[in-house]
Amino acid sequence: MAEEVLLCNAKLSGNLTPSLLAVAFLASFGSSMLYGYNLAVVNSPAEYIKDFYNRTIVGRNGTGLDEEALTLMYSLTVSVFAIGGLVGSLMVGTLVTKFGRKGTLVNSTVLVFVAGALMGFSRTCASLEMVIIGRFVTGIHSGISLSVVPMYLGEIAPKNVRGFLGLIPSIFICIGVFSAQILGLHELLGKAEHWPLFLSLVVGPTLIQLMLLPWFPESPRYLLIEKRNVHATITALKWYRTKCNIQSEIEEMQEEQRSLSSVNTVSVFGLLMDKSVRWQVISIIVINMGMQLSGIDAIWFYTNAIFENAGIPGPQVPYTTVGTGAIEVIAGLIGGFTIERLGRRPLMIGGFSFMGICCAGITLSLILQAHVPFMRYISVGCVIGIIAGFCIGPAGVPFLITAELFKQSHRPAAYTVAGSLNWISNFTVGFVFPFLQMSAGAFCYLVFCGICSAVAAYVFFIIPETKNKTFMEISQMFASKESIFSRQRVGSVGQLKLKKMNGYGTLENASIKGEEGERTGDK
């Protein structure tokens, strides 16, 4: 009976089934898209929110706030989202181990409903604190979902479509930004009376996710390797691999389970101290920090000024910004549909390199535009190039790579590290860039040029291609890399001793003592 369940005469298990697509769209629509929406939603109603803050303070104290205090309050409203994201990212490891990947997404929806209620009724209750707390709570949800969605999709996807499914969340992040830009236009919700509704619309996608996602199975890898529930694993694989041979996938998961038989889910400290995964950890640190330190947030900060300098009338700038949002979505789609053909490395190397070139181009155009009028249009092209280069690869591939570089025992801690660094870097750029721009002027973009070039070089020399490879195969590639560096440290192969590498190596308590020499002596 078990063999009948496991072996079906059909296509390979790498098919992209309707169930896989449905889960990918649901998880991304109800979680990842909200991250992009919340990034952009406070931009267009900024003046209305400041006016509400001022009127609320006047009603309480009889006197209003000066412009500097209002700007500080609004900046807190914007930046508290990143602080909440950092808090959420630190919770990921604990949540996914306790509730599972799908379970964490479903349970975290309560945060969105709380945040939506706080922001939606803030004006009715005359409470500016409700807006700020609501932004903080949505940040917590985004911090969780930004890591859990790619982790969930990476574990349920067969290896030959893992890249495509892994980039769906980043596409929906772009759609979220684009949606906020469109809805923020004055003709829609960009009016003084609509901003509470505008901020609280996040509950809609989450409600749809809450109604439908619980009907889908949990991650098969989580069920087998962590919960050791073979029956539930088979049921989940049958759901995601309709009419397919799932025997090979179960065998691959069982091989990973055996390699981890003596290793529990590691903590963040354990991950950082584990020398067997040092190159994986360094890699996720570099690419996740590089994603935010690439200057993409600074570009958004300066976009309106660049467009105005190019001669675009002020009232038309919001519509131009919507156009850049459309470019984000198109670039994200191009990345999603080409990743399985090109691989992860080309998208990251090409994306970061192109961003670096465009950052240098912005510096050059800003310096020369006072003397050469057409350079202002070059600066607009460079802004569009940076956005497109970011969304085609660096926006989503780092989250996918984080899932691929680690086995089940190390993956939750890896996402905690990656997510935390991502949010810290995001906050750092938002805080430091205005001062950097004031002190360095147009040359500040050369800093981002250097960072993008350094990350592209690191990916080129260090990170292997993971396309169409199982988690075991990827782990063994890094184990081989670690053993090579161990040989270099020892100085000679005859003195090399390979230690057990927590399931990431292939030799345990073994030593290589000049086998060739011994064979020669025996002869």
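In the protein chain, 82% of contacts (heavy atoms within 4.5 Å) between residues at least 6 apart in sequence join residues at least 24 apart. The model is predicted: local features need pLDDT of at least 70, side-chain atom pairs count only at pLDDT 80 or more, and totals for chains, interfaces and linings use all residues. Residues are numbered from 1 along each chain as its sequence is written, and side-chain values use heavy atoms, with hydrogens and water left out.

The protein chain has 24 helices and 2 strands. These are DSSP runs, numbered from the N terminus: helices are H or I of at least four residues, strands E of at least two. Of the 523 residues, 53% are buried, meaning under 20% relative accessible area with a 1.4 Å probe, protein chains only.

Helix α7 (residues 128–156) packs against helix α8 (residues 162–183) at about 155 degrees, with axes 8 Å apart. Axes are lines fitted to C-alpha atoms over the stretch in contact, and angles run from 0 to 180 degrees between N-to-C directions. The pair is therefore roughly antiparallel, a term for angles over 145 degrees. From α7, the contact involves Leu146, Val149, Leu153 and Gly154; from α8, Arg162, Leu165, Pro169 and Ile173.

Helix α2 (residues 18–40) also meets α7. Their axes come within 9 Å and cross at roughly 150 degrees. α2 and α7 are therefore roughly antiparallel too. Contact residues include Leu20, Val23 and Tyr35 of α2, and Arg135, His141 and Tyr152 of α7. Leu146, Val149 and Leu153 of α7 take part in the contact with α2 and in that with α8.

How values were computed. Buried < 20%, exposed > 50% of the residue type's maximum accessible area, 1.4 Å probe, protein only. Parallel < 35°, antiparallel > 145°, perpendicular 65-115°, else oblique.
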